[in-house]
Amino acid sequence: MEPQTLPHRCWIELNADALRHNATVARTQGAAEMMAVVKANAYGHGAVWAARTLQDSVAMFGVANVQEALELRAAGIEKPNYLLSPCLPEEWELAVRMGCHISVSSLQEAIALDKLAQRLETKALLHAVVDTGMGRIGFLEEAWDHSAIAALMSVKHVSWEGLNTHLPSADEDAAFTRAQLARFRQAVEKAQGMGFRPKWIHASNSAGLLGYEEQRGLCNLTRPGLMLYGVSPLPEEQSRLKPVLTWKTRVTLVRELPAGHGVSYGSTYITERPTRVATLACGYADGYPRQASGHGAQVIIGNTVCPVLGRVTMDQIMVDVSTCGDAKPGDEAVLIGAQRSTKVTATEIAAWSNTIEWHVFTGIGPRVPRLAVG
Ligand SMILES: *Cc1c(COP(=O)(O)O)cnc(C)c1O
C-alpha cells in the first residue's frame, strides 16, 4: 500500500456550514461588522480553512502575531489582520510593511511606530487599547487622559483604525463586565470628544457578544473566537451554535482482559470483571488531554458510550468496549462529536481534564490531519 493511501489514525472533520452558521449568529448578535478571531490555527481548526470560509463576511481577522498573518497572506487571503498580541521589536517592520493592524499600549509605542512608518514611507495601521481590567496590554485608564489622546492624534504617519478593550470575565462576572463596558464607553467618549475617532470601536469576545446587550450601542466591530467554532462560553446560549469539528480516531486492537488486570501506566485502573478493552490510535501527543485520565472521560464507538480506562498515553488510549458488541480494529471512535443518538463535546473533555474548551481545541496537535468534509 502506498503511504498516501494509508487510513487516517486520528483526524478532524471540519464542517464549513457550521462555521458559517455560527458566524451568522455572531453577526446578528453584535455590531454590523466582525473581526473573526482565527489565532492559534483557528483554535486548532485550521486558520487558512477558517479564513477562506469566512473571508467574504468579515471586516478583518484576529491573529496572534505576524507569523500567523503571513500564513493567511501566503494563502491569498487579503482581508486585514489585527495582531492580538504585541509585536516583538524585530517584528514591527514586517507588520507595518504588511499592513497588519497593530495594537498600541503606550505613547512610546505609537511614536516609534510613527517613526518606522515614516522611514518606510507608509502609514502604520494602529488600534489604541485601553486596559479596563484585563491587565495584559493597553493604556491604563489613568493614563488615558487628554494629553495622551492629543499626542496620539499628533502622530502623522499613523492611521488610527481602532480603539478597543478586552473583557476578561464576561463568562464569569456580569457586574464586573458591565462596569468595564461603562468605563470603556467613557474612554471612547473622551476620545471622540477631542476629535479622536478611530474607525472601529471593539470590545466583545464571544461571551461579551452573547451576554451583554450594551456592547451593541457602543461597538461597531466584534471579536468572536470560540463561538465561531461552535462552543458558547455561556451555557444558556449553547443551543444556538453548531460544533464545527468532529475529532475521530480508530480502534487498533480489541482484547479481553481478566478481572484484576491493570490498565495503562501506574495501573490506576484495575478491571473489576472480565473486560473487553479496545486500544485507540490517539493519545496526548495528538492533544487528547492526559489530565482527563480517571475523570470520567468517554468516547463513542458504534453509537455506544465507552469509558476511557486508566491513563491516556502518548499515542494510545484504552477504552471499555464490553457493552458495544462487536467493536473491531479499524472501527471509528469519536472523541469529540456526535454519532447518531450519542455525543461527546469539547466542553465535556474540558471538564474531565479540568481546563477550558479553548485549551482543548488548541491542544489538538499537528499530527492530526484536518479534513474539510461536505
Ligand atoms: C482570543 C481573543 C478574543 C476571542 O475570544 P473568545 O473568547 O474566543 O471569543 C477576542 N479578543 C482578544 C483580545 C483575544 O485575545
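**Stop one: two helices**

Select A16, L19, R20 and A23 in helix 1, then W49, A50, T53 and L54 in helix 3; these two groups meet. Contact here means heavy atoms within 4.5 Å. By class, this contact of helix 1 with helix 3 holds six nonpolar, one polar and one charged residues. Ala, Val, Leu, Ile, Met, Phe, Trp, Tyr, Cys and Pro count as nonpolar, Asp, Glu, Lys and Arg as charged, and the others, Gly among them, as polar. Helices (H or I, at least four residues) and strands (E, at least two) are DSSP runs, numbered from the N terminus.

A word on the model: it is predicted, local features need pLDDT of at least 70, side-chain atom pairs count only at pLDDT 80 or more, and totals for chains, interfaces and linings use all residues. Residues are numbered from 1 along each chain as its sequence is written, and side-chain values use heavy atoms, with hydrogens and water left out.

**Stop two: the ligand**

Which residues come nearest to the ligand? Of the 13 around it, they are K39, Y43, S206, R223 and L226. Here, near means a heavy atom within 4 Å.

Now select G225: a polar backbone atom lies 2.9 Å from a ligand oxygen. Move to L226, where a backbone N or O atom is 2.8 Å from an oxygen atom of the ligand. Finish with W358, whose side chain puts a polar atom 2.9 Å from a ligand oxygen.

**Stop three: S105**

Select S105, in the loop between strand 5 (101-104) and helix 6 (107-119). The S105 side chain reaches the backbone nitrogen of G138 at 2.7 Å.

Definitions and conventions:
A polar contact is a pair of N or O atoms within 3.5 Å; within protein, one must be able to donate a hydrogen and the other to accept it, and residues adjacent in sequence count only if both atoms are side-chain atoms.
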